[in-house]
Amino acid sequence: MSTIWAAPGATADSFAEWVDINGAPAPEAIKGRATNTGIIGGPSGTITTYSDRTAFEAMYPGLASETFDAALPGPGSVTGCPAPFSSTTDNACFAPGALIPGFRVEDDPLNDAGGGSTSGLVVVGTGFSGNSSPTVAANTFVDSFNVFFDDPNVTAVGLDVVTYTTENTVDVQVFDTSDVLLGSTTVAATFDGTFLGIFATAPIGRINIFDSNGGAEGLDELSFGASAPTLILTDGDALLDQLGFVDGCANNATNENGIIEPGETITFNVDLSAAGGDFTNVSATLTAGPDVLVVSGQSSFPDIAEGTSATSSTPFVVYMTEGMGCGSQLSLDMSITSTEDVFVSSMTGEIGQPLEAVPADFDLPDNTPAGVSSTLNVPSDVTLTDVNVAVMATHSWVGDLVITLQSPMGTTLTLLDRPGVPASTFGCGDDNMDVVFDDGAGVDPESTCDGNNPWVTGPLDPVEALSAFNGQSTQGDWILTVSDNAAGDTGTIDGWELITTPGITGVCTICTAGPPSAPTLEIPTLDSIGLLLMVLGLVSAATFVMRRQQ
């Protein structure tokens, strides 16, 4: 567990006491959403849980969604209001109609401080405890938190489970419309929320969230509704590398390296998952665009019961023509039919080995001017006419950062040099960046510090013009070095990219074996036709003799 903040010698039993004792904390750097990896199904076997929001929304599309972004309290604040919160709420937390209809949230009081009090619930403003958007919670820490659904047909619910005082494992119970337990699970909740998706075979009436460790628990990003029966690829609209394909090249075994390349044959199976109903007589047909030949594009599946998956009975096979562009995208569509319905899914894959920096992302040691370097090896020999550089960073004080880029020819340019220094001692105190260094950006990093998070998103002028790289070759090692140059704040580089004109692509070795041979059809000769007629004649004569004898 990690504690966000506590006052020595003082304890609090609610958000109200917490703020009285400590004062509101300064908003922290936004943390990425966590993925819950330890969720299990309910004891009754009537709920199915998901830890990935994208996969859940693919299985259960069209759900109603509430983000709580219309909350009235501002960033960094905590505001208590009476329960419940619903579409008719009219108080300091939400205006009427700010929340979508169909649900309400309440605290479940375990002492006199909760329930019917004037502040049984709270809105926790953006940044109060590392949350990147407003969240709602029970004010009293020992109280649990309930979500009720008005529609008696709700069977699918997605939500981010949030914790505040410490990052704890939180208990979640799911009840039907008669308040009978359908199942329970646990969630490794975080300050910015851990996703939990729930499907139930019976309608869901209430979900209870409780931090049995005594911490505060809450909710963000709620979606809910009735789930129509759905049959889709288990991996959603999948990348082919998620499916475990085998690449083949008949005349060059070294090509068979797990990379999709022009001239290769790709063989793979797919898994289909059923949600909201059972499916029978299931089959799938694969289609592809130009430059792709579908060699084997049909397969059947066993019947698939709700909540389960099945693998194609025979593999799919496609051939990449030798003319496919290295770095281009392979796109395949799959039509899935069953007795019950018809569905469509798709798969994509990249042709060739993509260019990847090593390391792709890395931590920045605090107050270490030497910094950390990341290398991108480019095999293509292209003469540059323009270069831009994209950098994504999570860092709580951009004024600490220096960024340089060295070309394969040894030219080193400074992209960023502690913005705000020396105009101020420590530079700009804004957090995080998602920038593209571009000579024509027109945004000066030295004069940009507006209290935004991220500090800058989009084009940004480099300190030294990138045009110094023009005329050089792309081939070789490009080295990005980033350093933190003041104590007290740390962060990470989340990724970077070299954007060139002319463009550079990935690495491909073309297989020249040609397409797989089509099945041969043997054309009858005169001799074979004569033999066939003679056999048919003998059979006919024998039949006539047998009939005469009878």
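Reader: Is Cys81 buried or exposed in this structure?
Author: Happy to start there. This is a predicted model, where local features need pLDDT of at least 70, side-chain atom pairs count only at pLDDT 80 or more, and totals for chains, interfaces and linings use all residues. Residues are numbered from 1 along each chain as its sequence is written, and side-chain values use heavy atoms, with hydrogens and water left out. Buried means under 20% relative accessible area, exposed over 50%, and partly exposed in between (1.4 Å probe, protein chains only), so Cys81, at 1% relative accessibility, counts as buried.

Reader: Which cysteine forms a disulfide with Cys81?
Author: A disulfide here is a pair of cysteine sulfur atoms within 2.5 Å. The sulfur atom of Cys81 lies 2.1 Å from that of its partner, Cys93.

Reader: How many residues apart are Cys81 and Cys93, and where do they lie?
Author: Their link has 95° about the S-S bond and is right-handed. Strands (E, at least two residues) and helices (H or I, at least four) are DSSP runs, numbered from the N terminus. Cys81 sits in strand β3 (residues 78-81) and Cys93 in the loop between β3 and β4 (103-108), so the pair links distant parts of the chain. The two are 12 residues apart.

Reader: Is Cys93 buried or exposed?
Author: The relative accessibility of Cys93 is 0%. That value makes Cys93 buried.

Reader: What parts of the chain does the disulfide of Cys249 and Cys511 tie together, and how far apart are they in sequence?
Author: This disulfide has an S to S distance of 2.1 Å. Its torsion about the S-S bond is about 95°, so the link is right-handed. Cys249 lies in the loop between β16 (246-248) and β17 (265-268), and Cys511 in the loop between β35 (491-501) and α3 (526-549), so the parts tied together are separated in sequence by 262 residues.

Reader: What is the pairing of the bonded cysteines in sequence order?
Author: The count comes to 4 disulfides. With the bonded cysteines of the chain numbered in sequence order, the pairing is 1-2, 3-8, 4-7, 5-6.
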